[in-house]
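Me: I have a model open and would like to go through it with you. Could you take my questions one at a time?

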Amino acid sequence: MTDQVLNALKLVLLALIYLFFARVLWAVWSEVRTPVATTGKLPGTRGKTKKRGGASVFVIVEPRQHRGASFTLSNSLTLGRVADNDIALDDDTFMSSHHARIELRPEGVWVVDLDSTNGTFVNGQRVTGDRSLRKGDRLQVGSTVLEMRS
């Protein structure tokens, strides 16, 4: 082979390497950027989505296909797989039919596990009985994670 062909092949290889690294960086960036809360709601949910006054808002951060969906707590929100829940996620196989309830009480926001099979977790700790929630807490029901934003 001539030197010109070898130099051309070197440049093509270098361009392919740069494209590969650009694609890797794009994939990492899209995976770690903060989700943007939406005002829409998931299909099959009955939860209010507009924020009113000091109402607490819960935003789904996991799984990725539901990331950003937000729900406003007016009195209580139920979470589960079946459609009669306020937040119904029928594609989460680790969530019970009626998994947990988030309640607004005079002393604040509380989560109650409804005897779910896989348990309810707040910031990685299993909920036994009732547990209070604060802004920034992460609530895990099944494989779905919600964050309390306000």
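Me: Which residues is serine 56 in contact with, leaving aside its neighbours within four places in sequence?

Reply: Serine 56 is in contact with Phe71, Thr72, Leu73, Val109, Met148 and Ser150 once neighbours within four places in sequence are left aside, where contact means heavy atoms within 4.5 Å. The model is a predicted one, in which local features need pLDDT of at least 70 and side-chain atom pairs count only at pLDDT 80 or more, while totals for chains, interfaces and linings use all residues. Residues are numbered from 1 along each chain as its sequence is written, and side-chain values use heavy atoms, with hydrogens and water left out.

Me: And is serine 56 buried or exposed?

Reply: Serine 56 counts as buried, because its relative accessibility is 8%; buried means under 20% relative accessible area, exposed means over 50%, and partly exposed lies in between (1.4 Å probe, protein chains only). Serine 56 is found in strand E1, residues 56-62, and strands here are DSSP runs of at least two residues (E), just as helices are runs of at least four (H or I), numbered from the N terminus.

Me: How confident is the prediction, on average?

Reply: The average pLDDT of the protein is 80, and 84% of the residues score at least 70, pLDDT being the predictor's confidence in each residue, from 0 to 100. Helix H1 (residues 3-32) has the highest confidence, at 90, whereas strand E2 (residues 70-73) has the lowest, at a mean of 82.

Me: Where does pLDDT stay under 50?

Reply: Residues 35-40 stay under 50, and the model has 13 contacts for them beyond four places in sequence. The pLDDT is also below 50 over residues 47-53, a stretch with 16 contacts in the model beyond near neighbours in sequence.

Me: Switching to charges, how many salt bridges does the structure hold?

Reply: The structure holds six salt bridges, each being a side-chain nitrogen of Lys or Arg within 4 Å of a carboxyl oxygen of Asp or Glu. One of them joins the side chains of arginine 67 and glutamate 62, at 3.2 Å from N to O; arginine 67 is partly exposed, with a relative accessible area of 21%, and glutamate 62 is partly exposed at 34%.

Me: What about arginine 101, which partner does its side chain meet in a salt bridge?

Reply: Arginine 101 meets glutamate 103, at 2.6 Å from N to O. Arginine 101 is partly exposed, with a relative accessible area of 26%, whereas glutamate 103 counts as buried at 15%.

Me: Where does aspartate 86 lie?

Reply: Aspartate 86 lies in the loop between strand E3 (76-80) and strand E4 (87-88), and counts as buried because its relative accessible area is 13%. A polar atom of the aspartate 86 side chain lies 2.9 Å from the backbone nitrogen of threonine 78. The C-alpha atoms of aspartate 86 and arginine 101 are separated by 9.3 Å, the two residues being 15 residues apart along the chain.

How values were computed
Polar contact = N/O pair within 3.5 Å; in protein donor to acceptor, adjacent residues only side chain to side chain.
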